[in-house]
Amino acid sequence: MSSFEIKNNTLLFYRDGETVRVSACGKNAVRFEAFPGGEVFEENFTLMPQAAECEFEERGYCVFIKTGEVKLQLEKNGKVTVYYKDRAVLEEQPELTFNDGFRHYEQNENGSYSARITFNANEGEHFYGLGHEASGCFDLKGCSFDMRHVNAKCTIPFVYSSKGYGFLWNNPAVGTVELSKNRTRWAVGATRKMDFVFIGGTPREVSETLADITGHAPVMPHWATGFWQSRLRYETQEDLLEVARRYKEEGVPLSVIICDYFHWTEQGDYKFDPQYWHDVKAMTDELHSMGTRLVVSVWPTINENSENYEYMLKNDMLIKCVHGDNKVFSFYGPQAEIDATNPKTREFVFSKLKQNYLDNGVDGLWFDEAEPEIHPENFGNLIYSLGRGDEYGLIYPYYYSKMAYDGFKSISDDEPVTLTRCAYTGSQKFGALVWSGDIPSTFESLSKQVKAGLNMSVCGFPWWNTDIGGFYGADTTSDEYRELIVRWFQYGVFCPVMRVHGNRNRHGEKKRDVKEPTGDPNEIWSFGERNHKILRDLVLLRERLRPYIEQQMEIASVKGYPVMRPMFFDFPGDENCYSLGEQYMFGSEILFAPIVNRVQTEKTVYLPEGEWVLTKDKTLYTKGFHKVKAEIDEFIAFVRKGSELIDLF
């Protein structure tokens with residue numbers, strides 16, 4: 001038997017083995033929760049539901065809940081159908097005959113459930129989102145994905161549909177999603193409830209509501225909007241300062257320079273090795289005098305040699321394991337990982353970061369391996385403060401970024417920026433600047449990153465970037481790579497953050513007695529004389545564009561609109577825009593089409609409604625497909641006719 005109840009502006013549905021709760025949670029947003037076994041599990045995870053007006057209508061076989069232009073229908077057999085503007089756009093698919101078998105659960109030994117929900121596939125539907133992954137796909141329709149984090153893959157379980165809605169899977173459990181031709185299915189292996197949010201609207205409208213219920217990104221501070229320099233790795237204080245001084249001498253503004261990993265004494269000490277970094281405060285003072293900020297790398301790993309290991313172990317601040325001790329295998333062998341989901345861990349670790357880094361003038365943190373990186377990935381063997389890893393496997397980077405944000409805000413009113421290799425729904429409100437991980441240095445990789453970044457952008461993350469030039473596999477003396485670095489720099493100008501990084505020509509040799517050797521130079525003068533001038537001009541262009549970028553960053557914070565966004569975001573009524581994965585809008589005024597193939601000097605670009613000015617020669621174009629040339633020292637960008645930005649190019 002099944003029954004409905006309307007209570008406290010919420011629809012409740014009861015049947016054998018399941019309780020369902022449906023509520024309005026934002027503008028044109030309805031939340032669906034289902035509890036296998038019938039016991040309600042009160043958990044928002046990272047969601048911040050908003051109060052929203054709604055109305056109910058009961059018919060003989062079903063109940064409707066309506067909020068704005070969204071209406072959810074729940075039938076007595078359990079079936080869910082969601083309507084937007086009176087069109088059925090999300091309809092649950094039965095797994096059994098006689099139109100039955102809606103939602104499937106199997107109980108695990110520990111009391112959690114595997115759970116899945118299946119929807120009908122809509123003809124002509126396109127999907128975008130799910131975070132970033134170098135799949136090579138822009139439109140994700142026809143794809144299936146693991147919902148897990150690994151290096152170069154960050155799962156944000158949200159998609160935007162060309163049918164005019166967003167779908168947020170509000171569950172941090174490890175799972176899968178299928179966006180196939182015959183069905184759309186969301187599934188997890190261990191959970192206490194099923195939880196999703198449907199948001200109706202255009203891309204702009206959905207972005208606004210998504211920001212309201214998951215968090216608005218801060219306004220990116222001025223210091224982060226310029227050019228960031230990094231390499232693997234500056235071995236000493238003098239190495240780093242020499243690079244910053246040369247940028248200053250050349251008149252090239254350097255906003256940020258990064259000190260990468262193994263600058264520390266031991267993993268988990270969170271301090272510079274004084275043998276190579278002898279006066280950190282003097283270093284940061286000099287950098288600041290040149291207008292440059294310092295960001296340092298931090299890993300979540302800690303080994304037994306760390307001065308903090310025993311204290312953290314005894315105070316339950318480390319990730320534990322169901323089987324074996326608390327050691328897991330990360331990139332550098334067996335060691336422990338801090339449990340960022342534990343408030344005590346966050347408070348203690350940040351105190352060390354403040355004492356050893358921030359109090360010495362360090363400006364920002366780089367959270368590498370933020371998934372965290374563990375080999376092999378056996379989530380069911382991990383125990384966080386919040387619960388088991390298979391139930392909470394996606395949420396770790398959320399609390400890792402929260403540690404930095406809460407810590408910085410406790411000592412300053414300034415908005416912090418934390419460069420991080422991973423994120424989860426809501427991380428954006430903690431100043432998480434996500435980058436796409438350790439990616440190959442190839443043209444194919446560049447093409448994939450453009451598409452991945454656009455998919456990330458629709459998930460509520462306006463701060464995103466890549467390692468300009470890719471991270472590994474480069475031969476900086478080759479003609480191919482010297483062409484690639486230019487094309488990637490051009491792309492970097494039109495990314496939310498412009499940051500060069502990479503492991504160049506590295507073979508593992510040590511020039512000094514350091515814990516980890518460096519790669520070859522990775523500065524703008526490192527790739528030949530001709531490229532030096534090209535890259536210098538691109539950095540100077542970025543500098544001229546900063547007021548515009550900062551204006552777009554403010555809009556991103558207030559409205560939730562991404563800075564780098566797919567063409568359909570601004571032109572949702574133009575069908576052509578849903579297939580354009582290698583051109584995009586950079587803010588509201590610039591249309592950029594990166595060159596992503598070797599020896600390519602011409603590209604077909606689609607211009608939507610309006611008049612557009614090609615920046616390189618001020619030629620006026622109108623709507624349609626156009627072939628545009630771009631030699632190695634040129635790029636393809638348009639601005640709207642009448643925009644004052646044209647004078648900056």
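The paragraphs below walk through selected sheets, strands and helices of this structure.

This is a predicted model, in which local features need pLDDT of at least 70 and side-chain atom pairs count only at pLDDT 80 or more, while totals for chains, interfaces and linings use all residues. Residues are numbered from 1 along each chain as its sequence is written, and side-chain values use heavy atoms, with hydrogens and water left out. Helices (H or I, at least four residues) and strands (E, at least two) are DSSP runs numbered from the N terminus.

An open sheet of five strands is a place to begin. The strand order is E10-E11-E19-E18-E14, with antiparallel pairing; two strands pair if DSSP finds at least two bridges between them. Strand E10 (104–107) and strand E14 (143–147) are at the edges, each with a single partner strand, so one side of each has no neighbour in the sheet. From one strand to the next, the twist averages 10°.

Within this sheet, E18 and strand E19 (residues 184–191) are antiparallel and share five bridges. Gly175 lies in strand E18 (residues 175–179) and stands opposite Val188 in E19. Gly175 has a relative accessible area of 13% and is therefore buried, a term that means under 20% relative accessible area, with exposed over 50% and partly exposed in between (1.4 Å probe, protein chains only). Contact means heavy atoms within 4.5 Å. Setting aside neighbours within four places in sequence, Gly175 is in contact with Phe145, Asp146, Met147, Ala187 and Val188. The C-alpha atoms of Gly175 and Ser114 are 9.2 Å apart, although 61 residues separate them along the chain.

Strand E11 (residues 113–119) contains Phe119. Phe119 counts as buried because its relative accessibility is 0%. Strand E30 (residues 418–420) pairs with E31 in the parallel sense over three bridges, and Thr420 has Val434 in E31 as its bridge partner. E31 also runs parallel to strand E32 (residues 464–465), to which two bridges join it. There, the bridge partner of Trp435 is Asn465.

Two helices also meet. The axes of helix H5 (residues 343–356) and helix H7 (residues 396–411) come within 10 Å and cross at roughly 55°. Axes are lines fitted to C-alpha atoms, for helices over the stretch in contact, and angles run from 0 to 180 degrees between N-to-C directions. H5 is therefore oblique to H7, since angles under 35 degrees count as roughly parallel, over 145 as roughly antiparallel, 65 to 115 as roughly perpendicular and the rest as oblique. The contact is made by Arg346, Val349, Phe350, Leu353 and Lys354 of H5 and by Tyr399, Lys402, Met403, Ala404, Gly407, Phe408 and Ile411 of H7.

A further open sheet has six strands in the order E34-E35-E36-E39-E37-E38, with antiparallel pairing. Strand E34 (564–565) and strand E38 (620–629) stand at its edges, each with a single partner strand, so one side of each is left without a neighbour in the sheet. Strand E36 (residues 590–592) and strand E39 (residues 637–640) pair in the antiparallel sense over three bridges, and Phe592 stands opposite Ala637 in E39.
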